Amino acid sequence: MAERRFGVGYALAPKKQASFIQATLVNLASERGIDLIRIDMDKPLIEQGPFDCVLHKLYGEDWRLQLKEFSLQNPQALIIDSPESIEQLHNRISMLQVATELEIKCETASFGIPKQTVVYDAKIVSASYLESEGLKFPVIAKPLVADGSAKSHKMLLVFNKDGLTKLKPPIVLQEFVNHGAVIFKVYVVGDYVKCVKRKSLPDVTEENLGKLESYLSFSQVSNLNTCEKNDDKYYKLMNLDDAELPPLSFLTDIARGLRRATKLHLFNFDLIRDNRVGNRYLIIDINYFPGYAKMPNYESVMTDFFWDVLNQNDKGFESLQKVSCEKEVRMLVGNKGYGEDEGTLPVSPLKREEKENTIQV
Ligand SMILES: O=P(O)(O)O[C@@H]1[C@@H](OP(=O)(O)O)[C@H](OP(=O)(O)O)[C@H](O)[C@H](OP(=O)(O)O)[C@H]1OP(=O)(O)O
Ligand SMILES: Nc1ncnc2c1ncn2[C@@H]1O[C@H](COP(=O)(O)OP(=O)(O)O)[C@@H](O)[C@H]1O
Ligand SMILES: [Mg+2]
Ligand SMILES: [Mg+2]
């Protein structure tokens with residue numbers, strides 16, 4: 001009898017497609033009977049296929065309706081993941097809310113999220129407002145919306161009250177927690193969990209706080225390439241190898257808890273170790289369908305995942321969510337373009353900004 005083959009349609013932005021859909025992945029999946037097929041965005045989704053599974057990282061009302069229609073006509077097809085589940089991650093408050101609801105029992109480590117508050121009106125922000133919210137300098141201002149646009153990654157590290165004048169609400173003001181300049185990126189692919197270390201922002205000491213400019217703007221600091229980092233004297237001083245990874249069972253429990261709470265299969269979360277408390281970890285960010293191609297052996301991890309879900313071996317929770325669009329959901333998203341506001345910065349401007357506002361170490 002001929003081997004059963006599966007079709008996995010993918011709908012990804014061009015940059016994502018270029019990084020994720022590599023020949024090594026396509027070939028390995030094909031050897032296991034899984035055909036990765038590009039979905040043509042110029043044609044209606046329902047006219048394409050057949051697909052046993054639709055893998056996507058696209059947003060917007062039109063795409064959501066297309067998925068709904070496809071799902072109604074193909075009730076057996078799996079949608080990874082449902083737009084409603086993904087949407088929780090498009091707002092930096094609802095994103096971390098799920099993490100506060102987890103109960104993780106671990107004797108050697110604890111976890112939580114940094115103190116934070118949401119600001120819709122720049123006029124209310126002052127040093128005394130920060131204090132009333134339990135925050136003190138330095139704080140990080142993050143765009144409330146996290147929709148993958150360049151703008152949604154633009155952060156301000158604010159050192160004093162003068163820096164507060166630069167805020168562009170709606171934003172989340174979050175305590176900056178010293179963490180030894182290392183973040184742990186924990187990739188989750190169904191049951192699979194992989195933690196890698198990346199360089200992060202340097203610690204800010206009380207002493208330096210007084211000497212610094214009022215703010216530092218930055219974007220996607222953990223994604224700066226090695227060459228950019230090597231130019232900087234701070235990064236030359238530190239060695240990522242020195243940082244100890246959090247216990248794997250602890251990370252696996254958090255990952256499983258987040259999977260259950262979000263009903264997502266493909267995401268990563270950024271974790272920092274709070275320097276003030278021994279073995280306390282804080283989740284600062286959760287990203288849908290992150291850059292898996294940077295994960296060691298991503299081809300076999302992804303192929304195993306596809307095989308498991310297509311053969312319904314996905315443990316952890318009962319079944320994949322079908323797209324349910326009964327309730328109207330307001331998508332907090334725009335397009336993935338690079339519409340820069342006047343006075344805002346391009347992706348990864350840390351080097352340029354550091355020349356203006358340098359952290360002393
Ligand atoms: O492009 P990459 O490979 O750097 O992946 C980005 C992720 O990098 P990471 O895997 O964490 O190193 C990145 O994660 P961070 O911002 O580094 O936390 C995001 O997940 C980003 O997606 P979006 O812009 O938020 O929609 C991801 O971008 P997209 O590829 O989804 O556009
Ligand atoms: N509360 C925090 N304390 C210290 N550093 C932080 C904090 N939040 C974010 N960072 C740093 O800023 C970077 C970007 O923040 P993040 O929330 O991960 O945004 P993005 O979605 O753009 O990745 C992180 O990778 C980390 O280096
Ligand atoms: Mg991040
Ligand atoms: Mg993010």
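How far does a polar side-chain atom of His153 lie from an oxygen atom of ligand 1? The distance is 2.8 Å. This model is predicted.

**The shell around ligand 1**

- Ligand 1 is surrounded by 20 residues. Lys57, His153, Lys185, Gly291 and Lys294 are the closest of them.
- By type, the shell holds nine charged, eight polar and three nonpolar residues.
- Domain 1 (6-81) and domain 2 (88-288) each supply at least three residues of the shell.

**Polar contacts to ligand 1**

- Asn287 places a polar side-chain atom 2.9 Å from an oxygen atom of ligand 1.
- For Tyr187, a polar side-chain atom lies 3.1 Å from an oxygen atom of the ligand.
- His153 makes its own approach, at 2.8 Å.
- How much of ligand 1 does the protein bury? On its own the ligand exposes 610 Å², and the protein buries 90% of that.

**The magnesium pair**

- The magnesium ion called ligand 3 is coordinated by Asp270 (OD) and Asp285 (OD), at 2.1 Å.
- Asp270 sits in strand E13 and Asp285 in strand E14, so this pair ties together parts that are 15 residues apart in sequence.
- Which residue bridges ligand 3 and ligand 4? Asp285 does, and the two ions lie 3.7 Å apart.

- Asp270 has a relative accessible area of 5%, so it is buried, because buried means under 20%.
- Asp285 is also buried, at 13% relative accessibility.
- Asn287 is buried too.

**Cis peptide bonds**

- Most peptide bonds are trans. The next two bonds are cis.
- Ile80 and Asp81 are joined by a cis peptide bond, with omega about -5 degrees. Asp81 is in the loop between strand E4 (78-80) and helix H4 (83-87).
- Phe137 and Pro138 are also joined by a cis peptide bond, and omega is about -5 degrees there. Pro138 is in the loop between helix H6 (127-132) and strand E7 (139-143).

**Positive phi**

- Most residues other than glycine have a negative phi. Two residues here have a positive one.
- Gln220 is not a glycine, yet its phi is about 45 degrees. Its place is the loop between strand E12 (215-219) and helix H8 (226-230).
- Is Gln220 buried, exposed or partly exposed? At 26% relative accessibility, Gln220 counts as partly exposed.
- Asn297 has a positive phi, near 60 degrees. Asn297 lies in the loop between E14 and helix H11 (298-310).
- With a relative accessible area of 55%, Asn297 is exposed, because exposed means over 50%.

Technical notes:
Residues numbered from 1 in each chain as written. Chains lettered and ligands numbered in written order. Predicted model: local features only at pLDDT ≥ 70, side-chain atom pairs only at ≥ 80, totals over all residues. Heavy atoms only, no water. Near = heavy atom within 4 Å. Polar contact = N/O pair within 3.5 Å; in protein donor to acceptor, adjacent residues only side chain to side chain. Areas by Shrake-Rupley, 256 points an atom, 1.4 Å probe, with all protein chains shown as cover. Nonpolar A, V, L, I, M, F, W, Y, C, P; charged D, E, K, R; others polar. Domains from an automatic or database assignment. Donors = N, O, S within 2.8 Å, 3.2 Å for Na, K, Ca; no water. Helix = DSSP H or I, 4+ residues; strand = E, 2+ residues; numbered from the N terminus. Buried < 20%, exposed > 50% of the residue type's maximum accessible area, 1.4 Å probe, protein only.
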